[in-house]
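Q: I'd like to learn how to read helix packing against a sheet. Can you walk me through it on this one?

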Amino acid sequence: MKGTVTVDEPRCKGCALCIPVCPKGLLRLADARFNARGVHPVELIDPSSECTGCQLCATMCPEAAIAVYRAVRVRA
Amino acid sequence: MTVVAPEHAMTPVYEFPDSLTSVPTHYCPGCTHGIAHRLIAEVIDELAAKERTIGVASVGCSVFACRYFDVDFGQAPHGRAPAMATGIKRVAPEALVFTYQGDGDLASIGAAEILHAAVRGENITVFFINNAIYGMTGGQMAPTTLVGQKTASSPAGRSLVGQGAPLRVSELLAQVDGAAFVVRRSLHDVVQIRRAKKAIRRAFEVQEQGLGFSMVELLSSCPTNWGLKPDAALDFIRDEMVPAFPLGDFKVPEAETAGAAGAGTADSSAAGADAAGSAVAGRARRG
């Protein structure tokens, strides 16, 4: 796994601006649940660990609701 | 389900900026005010200036900006943010002072204040959010509304004959000797957002160097009052607003305009914008 993102779901307004900028198409609106605002928050669906932590989604997010992480080599 | 902690081998490369509070914003979904807030907060973090930054909010949707930035903040009467920022900067010259104003506030009722703050060369930074409409009051025509654009107060579209052409504030202020740094950027895609952030950083640096008045105009969206979905609103900026408000550097400090490959020029966007920007900068140099 190269990277991953977390979504601060209570902050997410479901504007979906992050979804088309993901080069791997790994983000979608979570159709099955709502947050307290009553919107479907964005969620990362990455079963084969394709996320590289490129930050394009976080750059686009108007709510600063996306945090991005990248894997670092841990020396034993 | 809320925030999921990543595995421990994961290192954060982007996190919520320190200079924003956790208060949820009242902005509509997809409004680029949030992006502008985030970029300014990120730059304040990078400059490690959070404890000495003082912002001044305007009247408009951004009236509550004081709740969202975790820095000292004032809130000025309509259009008067540059006047308030002038006073703050003069009594606290060590502070990093910025105003955050929309187009209704800055280009209409506040036109005199912004012009004369630039004329005096006040050492403040202005972030001018241009979304071509009055947002908070329900989508009326602003000085920056595009010709033909339908608003609550121009239901047949803005007409050249009745209401005139949109006001290009950056081009106007670039003519003023006291202005040191005047650029226009857009928030309609990732590339433009990154350019906008560089300009925000440069504007703060111009203030830190005491070079004079700095302003970054940011083309922004108003999905609600434009009647467009958030992604379509970004397309509207790209397709309709950028041609009317060309992106570029309208005035940058002398040292940056000297070389053909100056940092400011390299940062410019569309080819046409480069030409417009350097033409204005050229006039300023000769004058």
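Q: Which strands does helix α3 of chain B lie across?

A: Helices (H or I, at least four residues) and strands (E, at least two) are DSSP runs numbered from the N terminus. Here α3 (residues 81-91) of chain B lies across β2 (53-57), β3, β4 (96-102) and β5 (125-130) of that chain. Its direction is at about 175 degrees to β4(B), with axes fitted to C-alpha atoms, for helices over the stretch in contact, and angles from 0 to 180 degrees between N-to-C directions. This is a predicted model, where local features need pLDDT of at least 70, side-chain atom pairs need 80 or more, and totals for chains, interfaces and linings use all residues. Residues are numbered from 1 along each chain as written, while chains are lettered from A and ligands numbered from 1 in written order.

Q: In what order do the strands of the sheet run?

A: Strands pair if DSSP finds at least two bridges between them. In chain B, 7 strands make an open, mixed sheet ordered β3-β2-β4-β5-β7-β6-β8. Its edges are β3 (72-75) and β8 (248-251), each pairing on one side only.

Q: How do β6 and β7 of chain B pair?

A: In the parallel sense, over 7 bridges, using residues 179-186 and 213-219. B:Ser186 stands opposite B:Leu219 in β7(B).

Q: Which residues of α3(B) meet α5(B)?

A: Contact means C-beta atoms, placed from the backbone, within 7 Å. B:Pro82, B:Ala83 and B:Thr86 meet B:Glu113, B:Ile114 and B:Ala117 of α5(B). The two helix axes come within 7 Å, crossing at roughly 35 degrees.

Terms used. Contact = placed C-beta atoms within 7 Å.
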